[in-house]
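Trainee: Could you walk me through how the aromatic rings and the nonpolar side chains are arranged here? I'd like to go topic by topic.

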Amino acid sequence: MKKFRFSNFFKLPSNITLSTKSIILILIITFIYIFIFILFSHLLRAGIFPLSVIPVIIIGLFFGLKGGFLVGLLIGLIDIFLLNSIIGLQWENIIRSGTVSGFIAIIVIGCLIGIVGDLSKRLKNKQEKLKKSEEMYRFLFDNIQDGVFVVEKGKIKFVNKALIEKTGYEINEIIGHPFYKIVAPEDQEKVIRRYYQRVKGVNVPKNYEISVLHKDGKTKILFDVNIKVVEVESQKITIGTLRDITERKRREKELKILYEVSSLLNKSLNVDQILERLVEAIGKVINYHYCSICLIDKKKNALVTKVTRGIGKDYWKYREIIPFEKNNYDISELTALKGKPFYIHNLMNIDIPKEIKENIIKKYNLRSHLSIPIKVNQEVVGVLNIMTQEIRKFTSNEIKLLLTLAEHAGLAIMKAHYFNLLRESEKKYRSLFERSKDVIFVISPNGEIIDINPAGVELFGYSSKEEIMKINAKSLFYYIEDWNKYQKLMEKRNEIKNYEFILKDKEGNRIIGHISSNVLKDEKDNIIAYEGIIRDYTDQKELENQLIQSQKLESLGRLTAGIAHDFNNILTTLMGYADLIKMTSSNSPQIKEKLEIIISQCQHASTLIRQLLDFSRSSITEKFPVDILPHLKETVKLLNRTIPENINIEFNYKQDEYKVKANINQLQQVITNLAINSYDAMPKGGTLKIDIWKEYFDILKKPFPEMKDGEWVVLKLKDTGVGIPKEILPRIFEPFFTTKPPGKGTGLGLSQTYGIIKQHNGYIKVESEVGKGTIFTIYLPIYKSPKEMEIERKEEKKLINGRGEKILIVEDDESILELMKRTLKKLKYKAITASNGKEGIYIYEKYKNEIKLVISDRIMPELSGIELIKSLRKKNPELKILIITGYPLRENEINFLKKNKISWIQKPFNVQQFSKIVRETLENTS
């Protein structure tokens with residue numbers, strides 16, 4: 001439209017095409033020409049040629065060669081027609097007059113003018129395109145975000161608008177100046193060297209980073225430079241773009257700092273170390289002159305300065321503790337109390353205490369102060385302070401970064417706090433927890449092991465990851481049905497949690513594993529793998545079984561202790577009267593023989609009761625420090641003489657002192673019981689191996705969790721017998737449980753062994769496999785005190801008579817009361833009786849000057865034996881007292897009796913034992 005302005009002049013419709021408009025314009029000019037020709041026809045005979053040339057020239061110039069030729073031809077035909085029709089010239093005259101040659105000349109002129117018009121239009125089009133191109137590139141050049149510059153002969157020839165705006169210079173302050181004018185001083189040498197190397201053709205980096213100094217002389221802008229050298233008219237020109245990467249580098253630096261702080265947070269639990277590193281990190285992204293971190297101490301109701309950096313550190317030592325005051329002069333206090341950032345633009349313009357203003361603000365020329373709260377779960381736990389010497393405003397990005405770092409500090413404090421709580425509450429088990437590892441696995445649905453961690457390699461007993469990955473996961477399940485069950489669960493539920501399966505290692509040993517697993521699917525929702533963890537619960541299961549067994553044995557122990565007490569009372573009466581009847585001289589030999597049988601059976605029953613009490617850990621035994629090795633050697637010698645020769649006994653030991661606090665007779669009984677069990681388990685012969693050594697156990701390696709850390713004596717008896725089936729292994733320590741046929745055993749040997757070891761604060765463990773034998777391992781705590789010595793006591797069997805002393809007997813059981821009364825008379829003592837404690841006090845008051853000894857039962861209604869003792873001792877501190885008990889004495893009761901010089905005897909007892917303890921008590925002067 002712009003090319004054909006005549007069409008606009010005639011107001012042609014806009015929907016007419018360009019070709020149509022051209023034809024219309026030619027026709028209009030043609031009609032104008034015809035009109036003028038007709039109007040001036042009487043004058044045109046001589047001037048037709050000049051008149052015809054005019055439209056040809058006009059059309060040729062505007063429409064080019066085609067237009068000039070067509071118009072010239074058209075005008076020529078019109079001229080001939082008009083001359084013939086209007087002027088009346090005959091065709092012969094027109095031809096003879098040379099008019100035709102003139103017409104041909106018009107056509108030629110039209111073509112020539114058309115060629116000129118074409119050339120003119122092409123030149124005009126090129127100029128317009130060039131102008132538009134220049135306008136477009138100028139627009140792009142000035143509106144591009146990156147800076148652009150052109151350097152020629154070391155001078156800046158051109159810069160775009162973006163570079164001017166970024167650097168703050170005016171264009172005339174840059175154009176014509178050296179190319180390195182705006183480059184920061186530290187990068188100028190590098191830029192100059194590379195420029196001249198590049199001009200000389202040296203291959204230097206085209207892309208690198210430089211710092212540009214803003215016109216204000218303070219702000220540095222980091223640019224990514226891209227340089228290209230072009231040659232124009234034999235002159236090398238440098239063209240470059242500068243992309244502002246200041247913000248990107250700032251973010252990268254911040255992210256790097258945050259990553260370093262996060263990494264430190266994950267690696268360290270030292271709050272002071274983390275806070276130190278935090279302050280260092282802040283200094284890398286924010287220029288400060290003083291920085292500190294203070295934490296709130298609720299007990300002191302104050303802020304305690306933990307870390308300081310920068311100027312004035314000495315001053316802040318005197319303000320290490322900043323108490324919360326009503327005036328709240330300190331911005332740190334405001335931040336701590338309000339829980340939000342506070343900013344002071346100029347410290348000199350605010351009302352603060354003179355001491356602070358003189359000794360810190362003026363002295364160190366500090367001006368701006370920013371304080372950021374450190375929070376944990378929305379609770380303020382500390383404050384981050386930053387101070388600068390220049391008056392400055394912190395940007396929103398800087399404040400966001402400081403808030404993020406303060407959040408990291410809060411996380412570090414919280415983590416350390418909870419860790420310390422955990423360490424205090426679980427200190428005993430921390431080491432065990434730290435060494436526990438779960439198996440992590442990824443397997444395909446058909447069982448191919450895709451990946452497994454070292455814990456899995458170790459748990460399943462393989463030498464390397466490569467070795468275990470060669471097998472199929474289904475072979476790690478002890479029962480193939482469990483593998484099928486696992487697959488079905490995964491397909492149905494897509495996940496399982498803590499599901500228990502029995503697995504096996506390379507050697508076929510059972511592993512109890514808790515599996516938590518989920519499926520991995522592809523984009524089509526097909527299951528491609530199972531991933532999860534396996535937690536080894538084998539040891540935990542064993543411990544659970546031990547606990548259940550221990551609780552079971554404890555219950556049985558309480559039951560047997562009660563039964564033993566009742567039997568003791570009965571046996572005491574039977575044995576006492578049998579002894580008294582036996583001592584009567586008028587008895588016939590037949591009666592004495594029967595009495596011996598009664599006494600023998602009572603003693604046998606007493607032994608059974610003793611075994612029950614041993615099992616229940618309730619028997620009363622005296623223990624003394626003793627080296628058990630010599631006694632163990634004697635026991636082994638005895639076993640070699642009594643056990644058949646087809647059983648080989650091996651005794652292995654290292655010469656050392658194996659000192660424990662024990663009753664050596666009971667420990668020898670333990671070895672004998674276990675040896676007899678091994679003998680019964682090897683009817684065709686075999687080997688019994690006995691080992692003793694000392695070992696130190698800590699939390700990581702002790703066989704029983706409740707064992708105390710320290711040195712223990714370990715005694716192991718291993719046989720090659722038939723072994724014990726797993727289904728009965730948990731019951732072997734139960735009283736009266738035996739696999740032997742009737743008449744071959746009471747079932748009390750192992751229960752007695754268990755009780756004796758427990759009485760000695762020890763532990764016993766049994767391991768057995770059918771067809772391979774059984775191992776009993778005993779653990780006894782080492783005794784280290786050098787003051788006590790081994791003491792052996794031999795029981796006196798002779799009868800010891802009295803000297804007529806008067807003795808008070810206090811007993812609620814009438815049969816035992818009557819027995820002791822008769823026994824004392826038989827032993828030549830004078831006996832008086834009381835059926836309970838209150839009556840005993842009354843009788844003592846009546847005969848206190850005559851009574852030399854009080855014999856009392858421990859358990860009585862209304863007033864117990866211990867209470868009776870306390871009451872009598874208040875009346876007579878030197879009174880001799882003997883306690884008789886059918887129940888085992890607790891340790892605190894034994895200590896009480898020893899402290900108060902009181903004797904005691906355990907039921908059942910015979911006359912000889914009773915006579916001995918009565919005499920010893922009367923004669924005891926210590």
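Trainee: How many aromatic pairs does a search of the whole structure find?

Mentor: The search gives 15 aromatic pairs, and please keep in mind that this is a predicted model. In one of them, Phe477 and Tyr486 are tilted relative to each other, with 6.0 Å from centre to centre and 35 degrees between the planes.

Trainee: Is Tyr486 buried or exposed?

Mentor: Tyr486 is buried, because its relative accessible area is 1%, which is under the 20% cut-off. Phe477 is buried as well, with a relative accessible area of 8%.

Trainee: And what kind of pair do Phe477 and Phe501 form?

Mentor: That pair is edge-to-face, at 5.7 Å centre to centre and with 80 degrees between the planes. It links distant parts of the chain, since Phe477 lies in the loop between helix H16 and helix H17, while Phe501 belongs to strand E14, 24 residues apart. Ring pairs also link Phe477, Trp483, Tyr486, Tyr499, Phe501 and Tyr530 into a cluster.

Trainee: Switching topic, which residues touch the most other members of the largest nonpolar core?

Mentor: Those are Ile628 and Ile692, in a core of 40 residues, to which helix H21 (residues 664–681) gives the most, with six residues. Another core, of 30 residues, lies apart from it and has Ile257, Leu295, Val307 and Leu401 among its residues.

Trainee: Last one: where does the charged end of Arg194 sit?

Mentor: It sits over the ring of Tyr208, 4.5 Å from the ring's centre. Elsewhere, Lys870 lies over the face of Phe896, at 5.5 Å from the ring centre.

Conventions:
Residues are numbered from 1 along each chain as its sequence is written. This is a predicted model: local features need pLDDT of at least 70, side-chain atom pairs count only at pLDDT 80 or more; totals for chains, interfaces and linings use all residues. Side-chain values use heavy atoms; hydrogens and water are left out. A nonpolar core is a set of buried Ala, Val, Leu, Ile, Met, Phe, Trp, Tyr and Cys residues joined through side-chain atoms within 4.5 Å. Buried means under 20% relative accessible area, exposed over 50%, partly exposed in between (1.4 Å probe, protein chains only). Helices (H or I, at least four residues) and strands (E, at least two) are DSSP runs, numbered from the N terminus. Rings of Phe, Tyr and Trp (its six-membered ring) pair if their centres lie within 6.5 Å; planes under 30 degrees apart count as stacked, over 60 as edge-to-face and the rest as tilted. A charge sits over a ring if NZ of Lys or CZ of Arg is within 6 Å of the ring centre and within 35 degrees of the ring normal.
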